[in-house]
Amino acid sequence: TPNLKVDLLPEIKDPPRIRSPYVEIIKGIQGGLLKTKLDYYIMMRNNDAINSNFLAELIPMLIADIPRYDSKYNIPLLNALVIYIATATLSDVVGEISQQATMEIFRYLSTNFDTEGRYFLYNSMANQLRYPNNHTHYFSCALLFLFGDAKLEIIQEQITRVLMERLLVHRPHPWGLLITFIELIKN
């Protein structure tokens, strides 16, 4: 629909049903240390020493002890982390997406992951581009922000690739995926 204002849809304020045990997955890492550090990071965004230490520790925590799924990364943990970040952000939305502490995590991972890690990160985010709800809106804005903010062309290429891979398959395509891709092309 031309001139659709997604943020004005009433459904955009509603959270989706999440049946994944994402909180338990995060609590299971290093005896709950990941969840504790993540929550503290979100609360203490303006403390640069805490932020840089946590972000530097995050990628090694996402590497699997025993590689599975033909990847060195713990993909279920990465999926859980992405959902947890969105849930934490949406429970306490303050200001523009670019100013949120949780967006800083996605920005850091986008810049510091290798190609494989970024691919799984963007896939995890694209998995949430579904029907109109607040996660779809958040991840649409997050992917568009990461695309526009990217200092490396490979980041833009990978975001486009993840979205295109999903659009090249047979219909129906999820509403959020279409909205995000159209917005990416328009702007």
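This report walks through the fold, the core, the salt bridges and the aromatic pairs of the protein above.

The model is predicted, so local features need pLDDT of at least 70 and side-chain atom pairs count only at pLDDT 80 or more, while totals for chains, interfaces and linings use all residues. Residues are numbered from 1 along each chain as its sequence is written, and side-chain values use heavy atoms, leaving out hydrogens and water.

**Overall fold**

Let's start with the outline. The protein has 9 helices and 2 strands, where helices (H or I, at least four residues) and strands (E, at least two) are DSSP runs numbered from the N terminus. Along the sequence they follow the order α-α-α-β-β-α-α-α-α-α-α. Of the 187 residues, 42% are buried; buried means under 20% relative accessible area, exposed over 50% and partly exposed in between, with a 1.4 Å probe and protein chains only. Contacts here are heavy atoms within 4.5 Å. Among contacts with a separation of 6 or more, 67% join residues 24 or more positions apart.

**The nonpolar core**

In soluble globular proteins, nonpolar side chains tend to be buried together. A nonpolar core is a set of buried Ala, Val, Leu, Ile, Met, Phe, Trp, Tyr and Cys residues joined through side-chain atoms within 4.5 Å. The largest one in this protein has 49 residues, and those with the most contacts inside it are Ile105, Phe106, Leu109, Leu121, Tyr122 and Met125. Helix α4 (residues 75-91) gives the largest share of this core, 10 residues. Which residues does leucine 109 touch, leaving aside its neighbours within four places in sequence? They are Leu58, Ile59, Leu62, Leu81, Arg118 and Leu121.

**Salt bridges**

The structure holds 6 salt bridges, each a side-chain nitrogen of Lys or Arg within 4 Å of a carboxyl oxygen of Asp or Glu. Three of them are listed here.

| Glutamate 57 | Lysine 37 | 2.4 Å |

Glutamate 57 in helix α3 (residues 48-62) and lysine 37 in helix α2 (residues 33-43) are 20 residues apart. Glutamate 57 is partly exposed at 31% relative accessibility, and lysine 37 is partly exposed at 25%.

Aspartate 114 sits in the loop between α5 (101-112) and α6 (115-126), and lysine 72 is in strand β2 (residues 71-73), 42 residues apart. Aspartate 114 has 29% relative accessibility and counts as partly exposed, as does lysine 72 with a relative accessible area of 36%.

Aspartate 149 in helix α7 (residues 134-149) and arginine 107 in helix α5 are 42 residues apart. Glu104, Arg107 and Asp149 are linked in a network of salt bridges.

**Aromatic pairs**

A pair of aromatic rings is described by the distance of the centres and the angle of the planes. Rings of Phe, Tyr and Trp (its six-membered ring) pair if their centres lie within 6.5 Å; planes under 30 degrees apart are stacked, over 60 edge-to-face and the rest tilted. The count comes to 6 aromatic pairs. Tyrosine 41 and phenylalanine 54 form a tilted pair because their ring centres are 5.2 Å apart and their planes are at 35 degrees. This pair links helix α2, which holds tyrosine 41, with helix α3, which holds phenylalanine 54, 13 residues apart. Both tyrosine 41 and phenylalanine 54 are buried. Elsewhere, ring pairs join Phe106, Tyr138 and Phe139 into a cluster.
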